[in-house]
Amino acid sequence: MTEGDHQPVLLEEVAGLLAPRPEGVYVDCTVGPGGHSEEILRRSAPNGRLIGFDRDAETLAVAATRLAPFGQRVTLHHGDYRTMGEQEPGLSVDGILADLGLSSLQLDDPQRGFSFRHDGPLDMRYDRSSGEGAARLLNRASEDQLAVILRRYGQEPRARAIARAIVRQRGHEPLSSTGDLRRAVLDRNDRDELDRALRGGAHHDLRHDARRLVENGVTTQAEIDSVLGEY
Ligand SMILES: C[S@@+](CC[C@H](N)C(=O)[O-])C[C@H]1O[C@@H](n2cnc3c(N)ncnc32)[C@H](O)[C@@H]1O
């Protein structure tokens with residue numbers, strides 16, 4: 001996976017607000033492919049420091065290559081930024097950035113299962129080394145549990161209908177791919193609209209209803225488990 005030249009959104013605005021300076025210490029909570037981090041390091045030359053976090057080891061490897069020229073000025077941690085206190089005890093910082101969500105690196109890779117664009121395994125995890133993939137969750141949770149998860153963590157207005165559709169579909173066969181989920185949750189009209197967008201080659205934002213289930217940047221396995229225990 002390479003995307004070393006990926007340009008992040010609002011680069012100028014973010015760098016302008018953080019106003020990195022030499023000697024400064026900055027935290028990038030969500031390094032992604034490293035675009036913002038790179039700019040912070042450039043602007044804080046020659047000795048500003050950048051401490052970065054990302055839950056996705058593969059994306060972090062891309063950032064590590066991109067940021068390697070900055071040498072000792074960079075420290076990267078694989079993990080949730082909420083572990084910052086343990087990873088960097090006593091750290092005093094001049095600025096913190098959190099660019100929550102997904103990077104195009106993750107969205108465009110069918111193997112990650114975040115998008116309808118190509119069929120792929122129904123995974124949807126930032127960190128594939130921990131927790132459970134979306135397929136396992138969608139195949140084992142009850143309709144009530146799915147509806148609560150979709151509503152609470154996805155702010156999904158059609159939560160109940162989608163939960164019902166998932167349960168109906170898996171009654172025929174367990175869901176294992178993004179295509180299975182797409183067929184389960186989109187009605188005929190939705191599917192036609194999506195197909196037109198895909199055929200047109202538009203870089204349509206293929207956020208699908210259930211993706212937000214595990215994608216909103218703050219939903220953790222513990223939160224999902226608490227719903228499974230509650231309902
Ligand atoms: C929108 S991208 C960041 C892009 C980045 N600002 C850049 O300039 O390229 C968001 C990243 O946050 C990561 N992420 C999401 N939730 C996280 C969390 N709780 N802790 C650490 N990283 C997280 C994702 O894996 C993803 O790589």
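Tutor: Gladly; we will go from the chain to the sheet and then to the ligand. This is a predicted model, where local features need pLDDT of at least 70 and side-chain atom pairs count only at pLDDT 80 or more, while totals for chains, interfaces and linings use all residues. Residues are numbered from 1 along each chain as its sequence is written.

Student: How many helices and strands does the protein chain have?

Tutor: Helices (H or I, at least four residues) and strands (E, at least two) are DSSP runs, numbered from the N terminus. Here the protein chain has 12 helices and four strands.

Student: In what order do the strands form the sheet?

Tutor: Two strands pair if DSSP finds at least two bridges between them. In this case the sheet is open, its four strands run in the order E3-E2-E1-E4, and the pairing is parallel. Strand E3 (74–78) and strand E4 (95–97) are at the edges with a single partner strand each, so one side of each has no neighbour in the sheet.

Student: Which residue in E2 is the bridge partner of Tyr-26?

Tutor: That is Leu-50. Strand E1 (residues 25–28) pairs with E2 over four bridges, in the parallel sense.

Student: Which residues come nearest to the ligand?

Tutor: A residue counts as near a molecule if its C-beta atom, placed from the backbone, lies within 6 Å of it. There are 23 residues around the ligand, and Pro-8, Thr-30, Gly-32, Gly-35 and Asp-99 come nearest. Helix H2 (35–43) and strand E2 (49–54) each supply at least two residues of this shell.
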